[in-house]
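Hi everyone, thanks for making time for this. Please bring up the sequence and the model on your screens, and I'll walk you through a few spots.

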Amino acid sequence: MRIVLLEHPRAPSAVHFNEIANTPLWSCLMTGYAASSLLDAGFDVRIIDATRRSFAETVKWLIDTPSELLAVHAVYFWERAGELFQMLSQLKKKGYGGMVCLFGFFPTLVWRDILDHAPEVDSVVVGEPEETLVELARSLTTGAVVRVDGLAARLHGEATLFGMRTPVVPLDRLPFPLRPFLEADETVSVLASRGCYNGCSFCLVPTLNDGRAVWRGRSADNVAAEIASLAERGKRDFYFVDPNFIGPGKAGKENAMRLSRALARLGITFGMETRANDITGPLLRSLCNAGLTSLLLGIESGSPRVLKRLCKRTTVAQNERAIAAVRDAGIEPEIGFIMFEPASTLDDVIENMKFLERNRLLDRLGRTANLLYHSHIAFKGTPGYRAAIEHGMLVPEGLYGFEGRLLYADCRVGWLAGIMRPICQFILREMGKPTSRIHWSAEAVGQKPFQVVNDQLVEIFKRMLATAANLTSEPEIVRTGQLLAGALKELEQTLTEVEARAT
């Protein structure tokens, strides 16, 4: 039986062009893990990477590549997610007769909606895909009735989940992910663990495990063996896409320490992401000795009240100590941060701003432009989405209501979030233009063009914050439009002056 695994086209979002919260980072390895598991079970598997293709090109590609099972890694791509289902409908109309099965975080959370409203989809994997897809393929091969744990399909016309599948334990028994498309200078993604022991209200990660906050780590030897095999292919730079690289408690730190010692023998560089409360000086030094060059800390807020509402189970002091420790190790940390969440007060926003300034996090334009506008994004299935619905603070939007539009308890915070978004996105778009004097590739802390624009952006935020503080109600649309237009004009003039000085 021929199986095709599809990475579908990702139509760009005009609104969320700079946001990656639509799916956890480790999604990038789902198809590779599914493919290697199917190959290991003896199936004929091909990966089609159509992420940079059009939907029409992808339909032709799939028609020209016959298969009995088409397993699609379905990623929510904001306001254009419906185009995936239009493509699958077109594929069926053009004569594709195999089973269409979706897998991934997005379909896991809306499997019932998909089966109720998308007749072009035959089944949905709910949870981790590897073992479920192998059992599905075996059932199709034998002609048996397909009733596989971890799979949802229509039974007598009703969307039915045949049973939850227990997540893979230990992870070492999975084969390394198939990687047929590695580019010459590519930083290679590696997954050393799955899940997270915490249950942050905004996070999609536990949803793949039926909402349970559980961290599962691979052994240090298993991870090192995978990286060594990639190093033999000439790869030297890696990024761990784990939601939380360091596992819980003493055992988690000991496992990370063992892995750092194993990596030190390979002569590589790597980056990672972790929670602030798991950082220790000795562990950081060991990781840096092994090749750590970049680290993202999930800080999220400088307000203790917001940290509590987000269920972070960290303190402001822990966050500040982690930032200092990372800098002491010689690395400038990247920061995960939510400036605005629906229950935020202006005091929360002010505390966030003081935290960012106190910890010198507003000195690099690319980082500043992100930190000053990021808001809480709520997705269906997360605790934050459910809580906001219960409190009347969310309006379901997007395909199947997967994305929630949050309503702010304090209209002044909502106004500030609304006006800072286009201002910061203007800068981020400018930084994405190859011909711009502030193109991101040339950024360095203190470099004149970037610093001028950075300082102006911070000043604009403070001015808008002061305006918000003086509001008794949300200002009329005309006044908001005037303030926004004025801020954008200031930035445009600054960019023009920067360009003139450069020439």
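Let me start with a term we'll need: a salt bridge here is a side-chain nitrogen of Lys or Arg within 4 Å of a carboxyl oxygen of Asp or Glu. And please keep in mind that this is a predicted model.

With that term in hand, please find Glu351 and Arg305. These two form a salt bridge, and their closest N and O atoms are 2.4 Å apart. Glu351 belongs to helix α12, residues 346–358, while Arg305 belongs to helix α10, residues 304–309, so this pair ties together parts that are 46 residues apart in sequence. Glu351 counts as partly exposed, at 24% relative accessibility, and Arg305 is also partly exposed, at 36%.

Asp348 and Arg309 meet through their side chains in a salt bridge, at 2.9 Å from N to O. Here too distant parts of the chain are linked, with Asp348 in helix α12 and Arg309 in helix α10, 39 residues apart. Is Asp348 buried or exposed? Asp348 is buried, with a relative accessible area of 0%.

Which residues make up the network of salt bridges around here? They are Arg305, Arg309, Glu341, Asp348 and Glu351.

One more pair before we move on: Arg327 and Glu332 form a salt bridge, with the closest N and O atoms 2.9 Å apart. Arg327 is buried, at 17% relative accessible area, whereas Glu332 is partly exposed, at 33%. For the whole structure, the search finds 34 salt bridges.

Let's turn to the sheet. It is an open sheet of 5 strands, in the order β8-β11-β12-β13-β14, with parallel pairing. At the edges stand β8 (188–190) and β14 (334–337); each has a single partner strand, so one side of each is left without a neighbour in the sheet. From one strand to the next, the twist averages 20 degrees.

Inside the sheet, strand β11 (residues 237–240) pairs with strand β12 (residues 269–275) in the parallel sense, over 3 bridges. You can find Phe238 there, whose bridge partner in β12 is Phe270.

Helix α9, residues 281–290, touches β12 and β13 (292–300), and its direction makes about 140 degrees with that of β13. Helix α11, residues 316–328, touches β13 and β14, and its direction makes about 170 degrees with that of β13.

Terms used
Residues numbered from 1 in each chain as written. Predicted model: local features only at pLDDT ≥ 70, side-chain atom pairs only at ≥ 80, totals over all residues. Heavy atoms only, no water. Helix = DSSP H or I, 4+ residues; strand = E, 2+ residues; numbered from the N terminus. Buried < 20%, exposed > 50% of the residue type's maximum accessible area, 1.4 Å probe, protein only. Pairing = 2+ DSSP bridges. Axes fitted to C-alpha atoms, helices over the stretch in contact; angles between N-to-C directions. Contact = heavy atoms within 4.5 Å.
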